[in-house]
There are 2 protein chains.
Amino acid sequence: MSAWQTYLDNNQDKFLNDFLEFLKFPSISSLPEHMDDVRRAGQWVMDYLNNIGMENVQMLETGAHPIVYADWMHAEGKPTVLIYGHFDTQPVDPLDQWDNPPFEPTVKDGRVYARGASDDKGGMFTPIVAAEALLKGEGALPVNVKFFFEGQEEIGSPQLPEFMEKHKDLLACDLALSADGGQWGEDQPSLMLGFKGMCALQIDVRGPNLDLHSGLYGGAVQNPIHALVRILDSLRSPEGKILVGGFFDDVVDLTDADKAGFAEVPYDDASYKKDLDVDALFGEPGYTTYEQTWARPTLEVNGIYGGFQDEGVKTVIPSLAHAKITCRLVADQDPQKIFNAIKTHIEKNTPPGAKVTVTALGDGVEAYLMPSDHPGNHAASAVLTELYGKKPYYVRVGGSLPVCTLFKKYLDVYMINYAFCLMDEQAHAPNEFFRLSNFDRGHKAYCMLLHHLGEHGLAS
Amino acid sequence: MSAWQTYLDNNQDKFLNDFLEFLKFPSISSLPEHMDDVRRAGQWVMDYLNNIGMENVQMLETGAHPIVYADWMHAEGKPTVLIYGHFDTQPVDPLDQWDNPPFEPTVKDGRVYARGASDDKGGMFTPIVAAEALLKGEGALPVNVKFFFEGQEEIGSPQLPEFMEKHKDLLACDLALSADGGQWGEDQPSLMLGFKGMCALQIDVRGPNLDLHSGLYGGAVQNPIHALVRILDSLRSPEGKILVGGFFDDVVDLTDADKAGFAEVPYDDASYKKDLDVDALFGEPGYTTYEQTWARPTLEVNGIYGGFQDEGVKTVIPSLAHAKITCRLVADQDPQKIFNAIKTHIEKNTPPGAKVTVTALGDGVEAYLMPSDHPGNHAASAVLTELYGKKPYYVRVGGSLPVCTLFKKYLDVYMINYAFCLMDEQAHAPNEFFRLSNFDRGHKAYCMLLHHLGEHGLAS
């Protein structure tokens, strides 16, 4: 048995106790009254990192919640791996739905219940324990390691771009691992190769300059609701294909290998429909459900409103009608270019008698797509296969994870989602928990991956 | 000078004082605390009718606000004319925008300011004064007259259909005149030949059984907002022509005479557009603005709502989306048949993956259309032409006036809108007023019309 494994086996109780201590900080980043608690949680992490032999441990200021940095750079000739995570948490309301106080961690049936247990204190503490086992058991790490833990992930990391720009050199690395994320299932590993980007906008349509009596003006005046539905209906074909000119120009097509990878992931049309209680699925023709949701860009109206919305009848032709749209983008779509294309399409499709305004909501987010044959994926895949006895699924996610995009943009490295929580752990809800079995497995997984990278490097 | 004219001339101050007394009752039919005031206003009307020599004066119960009835039936061989009006009023809020207390009538610059002055106490008191002048001046009325004044017009006359069904014989007549309504302008008379009917409905579209994360499901699931805009967009052509199958089946087409009549009414495209601040008008091809608004059926979405409607972005695929529609119908469209046609169209045009529910809002109202060559119109036209020195415009109204439809349905008579208020008199707003010039003119107009009908009858 390797020295790190022996260390892990001998210190199970200590790790659990340390974890419970970490969970006690109410480090809620969105609430000003918890500003100091976020910082105290960061300080606890720093103390821990110092104790296990990490070096250059420091708290770096962002202007808001701080970042904790540490490194160990003595693996000469070996890759440098940056490990990302966050020590802030979501708020706890509704508090009365918690079985135990959210910051008094409770162990029950192999699970630790506490706010932040799964997202992401359990996640980020996992590679710390792995580093501890390697440093204490073997006296060294197999690769160079940088820890980068932030305190404002749950509020969207507003200072992160500026921080990364400023600290490029400090953060420079060959590969990044995210200890925030998860696996497909308790017995099934996965590698997430892509996250979608985002482009959000609002459409405001104005018809007449005031609400009109539908009996006096109906039939002669453009109704902005009708104009809006015409605009919105022009954006997609009846089958759900997006009809905006230029929308697909920069889309990276799915390769046969991508499609084959997706096809290995279990999917059942009937139960998908049953879960949502719909009689038919719907989407861009020629693509499977996973291909549609993971790898094809989308355009969805998230909200629509205008005119009379209460009970009963009001015979009005409203002056205004509104809609909100978000597009989920894929590589290599540029959010600004997509916004411009949609704006042009809308202006061209606005019927006479109506005025339209199209406003971007935010700057947009670029999609993230990691090559499936990246050596980091090969390494992670090998380790996960050994640990789970199964090859990982190669999947993507329709949601956005801006931190991946930031790492690519500012540090020019890919980030591998290498974390061990599961989707059912109530991450943002009451009674959040983390499985101790995954805590243990995660320690091993990080020790093994760092060793694998130490042995095989990152040459492709 | 005729005897009725002399009586009118000699009693101007009395009429004004009586009118002001009538206006003091706060007979707001929509407010329970004013139930008794509505009834007291009705009692005042009964006393007045008794004093001037009307007969069979009585208060008839409806189950809610009462109806005042009176008649004078001694013009043997002459037509029976029923005159309709209402003694209830709108509420007064916002009270602080009134220059004078709404139930303390104030005379200023030839106008009487009070709630109900124009709508409809001024209107309904006009034929009462005319009857007084005829009875006191000449000892008789030139035709048989029935007064029918209700106390719940402003809340939609909910008990009226049942009441008219029950009192058919008492209300039987050859022609009805509405003392509720108005003229085109201070110097321009008009005859309103038609009012539109109504069919109102709500569309509820359900997609998935709960709001979904647009990143996880977007692209694979029908979004009920997209389904709704597709449905709504299918209801009308880009030019505004209604595309519902069977919608126009029963529409009475405009005759050349109708079109010629409309064309005599001044209309200016540029100022119409300027008033509404729109760069183009819009509507069913082949029809003028008056033809569209007065004589062609319409379909308008009055309200739409679904999903996220606050500031910013929420990346949701909502479970539900809703729209409210009203159609303004023309003769001889049947509201129930139209509702069924729209429901069928919507169900047929609902995209897969969405469920739709179409619900009627209310029972609908049939349109009212009076033949322009009806002898009642000839009589009214002759009198108005003499009084104003101008022929009346023959117009229609895009709004609904259910009382006309009820008279046609239960009593099988047409109702002529024969009233003298104007559109600018703030009928439902603060500082409602009635022009004393129209009060005087109205008295003459009613005396002259009753005499005309007495002389010429209603034979066509």
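Predicted model: local features only at pLDDT ≥ 70, side-chain atom pairs only at ≥ 80, totals over all residues.
**Entry 1: strand 2 of chain B and its partners**

I followed strand 2 of chain B to its neighbours. Strand 1, residues 55-60 of chain B, pairs with strand 2 of chain B in the antiparallel sense, over 4 bridges. The two strands form a hairpin with 6 residues between them, and there Gly63(B) takes a positive phi near 100°. Strand 2 of chain B also pairs with strand 6, residues 144-150 of chain B, again in the antiparallel sense, over 5 bridges. I checked Tyr69(B) in particular: its bridge partner in strand 6 of chain B is Phe148(B).

I then asked which residues of strand 2 of chain B are buried on each side. On one side I found Ile67(B), Tyr69(B) and Asp71(B), and on the other Val68(B), Ala70(B) and Trp72(B), all of them buried. The general rule is that side chains in a regular strand alternate between the two faces of the sheet. Because 6 of the 6 residues in 67-72 of chain B are buried, I record strand 2 of chain B as largely enclosed by the rest of the structure.

**Entry 2**

I turned to chain A, where 3 strands form an open antiparallel sheet in the order 4-5-18. Strand 4 (106-108) and strand 18 (433-435) of chain A are at the edges with a single partner strand each, so one side of each has no neighbour in the sheet. Direction ignored, neighbouring strands of this sheet are turned by 25° against each other on average. Strand 4 of chain A is joined to strand 5 (residues 111-113) of chain A by 3 bridges, and the two run antiparallel. Within that pair, I found Val107(A) opposite Val112(A). Helix 4 of chain A packs on the sheet and touches strand 5 and strand 18 of chain A; its direction makes about 45° with that of strand 18 of chain A.

I also looked up the burial of helix 4 (residues 117-138) of chain A: 18 of its 22 residues are buried, and the helix is mostly covered. Gly139(A) follows helix 4 of chain A and has a positive phi, near 80°.

**Entry 2: a mixed sheet of chain A**

I found another open sheet of 3 strands in chain A, in the order 15-8-16, with mixed pairing. Its edges are strand 15 (368-369) and strand 16 (393-397) of chain A; each has a single partner strand, so one side of each is left without a neighbour in the sheet. Strand 8 (residues 190-195) of chain A runs parallel to strand 16 of chain A, and 5 bridges join them. Here Phe195(A) stands opposite Val397(A).

**Entry 3: how the chains meet**

How many residues of chain A are in contact with chain B? I read 66 residues of chain A in contact with 66 residues of chain B. Strand 11 of chain A gives the most to the side of chain A that touches chain B, with 9 residues. By class, I recorded 26 nonpolar, 28 polar and 12 charged residues on that side of chain A. Strand 11 of chain A and strand 11 (residues 298-307) of chain B run antiparallel and are joined by 5 bridges. In this pair Gly307(A) stands opposite Gly303(B).

Lastly I examined the relation of the copies.

Technical notes: Residues numbered from 1 in each chain as written. Chains lettered and ligands numbered in written order. Buried ≥ 20, exposed ≤ 12 C-beta atoms within 10 Å, placed from the backbone. Pairing = 2+ DSSP bridges. Contact = placed C-beta atoms within 7 Å. Nonpolar A, V, L, I, M, F, W, Y, C, P; charged D, E, K, R; others polar. Axes fitted to C-alpha atoms, helices over the stretch in contact; angles between N-to-C directions.
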